[in-house]
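Hi,

Here is the structure I promised to pass on. Have a look first, and my notes follow below.

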Amino acid sequence: MKYPRLIIDLAKIKNNVDQVVRITKEESGCETLALVTKGHCADPEIVKLLASHPGVDFLADSRIENIKKYFDILPCDENGKLACGKKTMMLRIPMQSELDEIVKYIDLCQISEIETIKLLNESAKKLSKIQDILLMIDMGDLREGLLFRNREKIHEVVSEILTLENIKLRGIGVNMNCYGAIIPKEDNLGEFVDIAREIESRHGIELDIISGGNSGTMYLSDSGRLPKGITNVRIGESHLMGTESSYLGQVSGTVPGAFTLEAEIVEIQLKPSLPIGESGYDAFGHVPYYEDKGEMMRAIIAVGKQDIEIDSMTPVDEKIEIMGGSSDHIILDITNSERDYKVGDIVSFTLGYSGMLRATTSCYVEKSYK
């Protein structure tokens, strides 16, 4: 057995997918559901699980490299489409340098810049394809999209889009909980739906996808308060961790603990809690702070910040405290543990979203499944 090792519980993820489908589609009335694979770097076994689920309509990611993996993991039909019938969705607004790949691999693309949309139209024309897009609207989080207050700008862009022969405006999308950490609520999502209706009325079109955000909306769906008119959501954290990202609550029916990290102890020594000598910057350019707790039994495990987000890992042994770490090592205080740890023993940690993301991205962390 090689360590560090990430254990992925597929049964727990399957349960969480079932619950997300129930809440978003059966109870909240969303017509389509996108499940996001970026949190686990398009892990093959999880992608297969999502592709086989009848309640999932889109496989979504922010990296074209991850979406291209789908076509290696899953069977394709004679047209090069996924044989499972799922559509692909690109979450990150595309770079102009990747538009040809967008047209080749992506069914639905989130986008905001009209000049990029025009270039996307040219790429689609070269490949004789109609490219579906979601025009992103910024409802105050101040990341991507046309700012909701500037209605005339929105309508100008829509008018230009409608002149492009190889672009199909399928709908509009919004993202929150990210840069500005703005929480999706009934008022701002309600106004987002109003913008969609305004676009339809003014331009004489029908928008069939009103994509109302990410796992931050799950607390609304879970309580029956997702505004009517939202027809799609893009969910990552909730089907993986079982949590919603607005208030970090547990989504009803879901279970935590689908991702567990195991790491091997490589040293155990009794040492002071305070480093000795003049303190400067650590390996990441930060000035650390240490509390004097006297001598402690310190264990070093062979995994570090290159592989894992320390603040997003929790020891299964509640008597262990994470002291800190460097690129390749994490230091643990095992003084109060009831277990008599030895060098070579394995320590387990449950992971949060960012811990999962870092561990699945690292080529130095083995993956196994149960």
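**Around Ile8**

Ile8 touches Ile13, Asp43, Ile46, Ala258, Phe259, Lys367, Ser368, Tyr369 and Lys370, leaving aside residues up to four places away in sequence (contact means heavy atoms within 4.5 Å). Ile8 sits in strand S1 (residues 5-8) and is buried, at a relative accessible area of 0% (buried is under 20%, exposed over 50%, partly exposed in between, with a 1.4 Å probe and protein chains only). Strands here are DSSP runs of E with at least two residues, helices runs of H or I with at least four, numbered from the N terminus.

Before you go on: this is a predicted model, where local features need pLDDT of at least 70 and side-chain atom pairs count only at pLDDT 80 or more, while totals for chains, interfaces and linings use all residues. Residues are numbered from 1 along each chain as its sequence is written, and side-chain values use heavy atoms, without hydrogens and water.

**Helices**

The axes of H5 (residues 114-126) and H6 (residues 151-161) come within 11 Å and cross at roughly 10° (axes are lines fitted to C-alpha atoms, for helices over the stretch in contact, with angles from 0 to 180 degrees between N-to-C directions). That makes H5 roughly parallel to H6, a label for angles under 35 degrees. Ile114, Ile117 and Lys118 of H5 meet Val157, Glu160 and Ile161 of H6.

As for H7 (residues 186-203), its buried residues include Leu189, Phe192 and Ile199. Among the elements covering the buried residues of H7 are H6 and strand S6 (131-138). Just after H7, Gly204 takes a positive phi of about 65°.

Cheers

How values were computed
Angles under 35 degrees count as roughly parallel, over 145 as roughly antiparallel, 65 to 115 as roughly perpendicular and the rest as oblique.
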